[in-house]
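Subject: Structure for your review

Dear colleague,

Please find below the structure that I am handing over to you.

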Amino acid sequence: MKLIKYIACSLLLLPGFGQAQQEVPTYLDSSKPIEERVEDALSRLTLEEKVALTHAQSKFCSPGVARLGIPEFWMTDGPHGIRPEVLWDEWEQAGWTNDSCVAFPALTCLAASWDPEIARLYGKSIGEEARYRNKTVLLGPGVNIYRSPLNGRNFEYMGEDPYLAGKMVVPYVQGVQQNGVAACVKHYALNNQEVNRHTTNVIVDDRALYEIYLPAFKAAVQEGNVWAIMGSYNLYKNQHGCHNQYLLNDILKGEWGFDGVVVSDWGGVHNTQEAITNGLDMEFGSWTNGLSNGASNAYDNYYLADPYLKLIREGKVGTKELDDKVRRILRLAYRT
């Protein structure tokens, strides 16, 4: 024991040894501000690693960067209970025996309680389950307004009153995120019917948009400090919600100052150029299962995968938008 102590003390006296032992890269230094760590991590990534971060590698997972110790990102449904595990590249359940979960009351029931503290407890409880299951993002809650009673997904939203929905979503988000799990408020925005949901172009005037359909989302961002937002399937001003200049860049990231990630709904991405420029950060569930162009797997064909990389390498787009996406994704990694 004395010999070990002697060797240790001798090493510490060597020039630079003690200093070298204490030097930790900024991106790994938990004492540094998150933004400094994000910038340092960003500077260490290759172009290929950056692009890989922006799209899925399985049904519910997107890659990290193992070389730098950045973990994978695992998403899970949903706002009423953590989804059973599914196979890596299939929708079928994986057949685990340790993935049981609580089935919580639907969010329409939660909203009907008119009790923000119940919403906070609900969020805290479901967030604990998500953390236990090693999930990064809980794909909920939903706050689309009940415009039509025929909308089959009304049960998972918080009612027809934007004020009530705004008051109930904030504590839910805070309860989830106190566990180090990101809430992902959805479906942003104007997703108020299921009929032709991938092709419907919603026509709404600005007053209705701002007074009815957006307040709950705004509250989640500015009061709840939500870390993720999911885009919607429908179109607004002839652009899909998952890459919509007006909803994502102008309002969400511009007017409201949202600094988190925009996640696509599964299959909600339709255009690489718009996905690059119009505010999408992470692409999931795109229906590009056919292999082409020498791709090693279907996920390489995602709109923000090889097609994005090809445009950059050909000089047709720059990397300003890519760096913004990756900053937000790295921020998500540190927050969770």
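The model is predicted, so to speak of local features a pLDDT of at least 70 is needed, side-chain atom pairs count only at pLDDT 80 or more, and totals for chains, interfaces and linings use all residues. Residues are numbered from 1 along each chain as its sequence is written, and side-chain values use heavy atoms, with hydrogens and water left out.

Salt bridges

A salt bridge here is a side-chain nitrogen of Lys or Arg within 4 Å of a carboxyl oxygen of Asp or Glu. The count by this rule is 20 salt bridges. One of them joins Lys-50 to Asp-323, with the closest N and O atoms 2.9 Å apart. Because Lys-50 belongs to helix H4 (residues 47-53) and Asp-323 to helix H13 (residues 320-335), this pair ties together parts that are 273 residues apart in sequence. Helices (H or I, at least four residues) and strands (E, at least two) are DSSP runs, numbered from the N terminus. Both Lys-50 and Asp-323 are buried; buried means under 20% relative accessible area, exposed over 50%, and partly exposed in between (1.4 Å probe, protein chains only).

Helix H13 also contains Arg-335, which forms a salt bridge with Asp-259 at 2.8 Å between the closest N and O atoms. Asp-259 lies in the loop between helix H10 (245-255) and strand E9 (261-263), and the two residues are 76 apart in the chain. Arg-335 counts as partly exposed because its relative accessibility is 23%, and Asp-259 is partly exposed at 32%.

Within helix H6 (residues 116-132), Glu-117 and Arg-120 are three residues apart, about one turn of the helix. Their side chains meet in a salt bridge of 3.7 Å, N to O.

Aromatic rings

Rings of Phe, Tyr and Trp (its six-membered ring) pair if their centres lie within 6.5 Å; planes under 30 degrees apart are stacked, over 60 edge-to-face, and the rest tilted. The structure holds ten aromatic pairs. Among them is the pair of Tyr-122 and Tyr-172, which is tilted because the planes stand at 40°, with ring centres 5.4 Å apart. Tyr-122 is in helix H6 and Tyr-172 in helix H7 (residues 162-177), 50 residues apart, and both are buried. Phe-60, Trp-91, Trp-266 and Phe-284 form one aromatic cluster.

Finally, the charged end of Lys-237 sits over the ring of Tyr-246, 4.6 Å from its centre (NZ of Lys or CZ of Arg within 6 Å of the ring centre and within 35 degrees of the ring normal).

Yours sincerely
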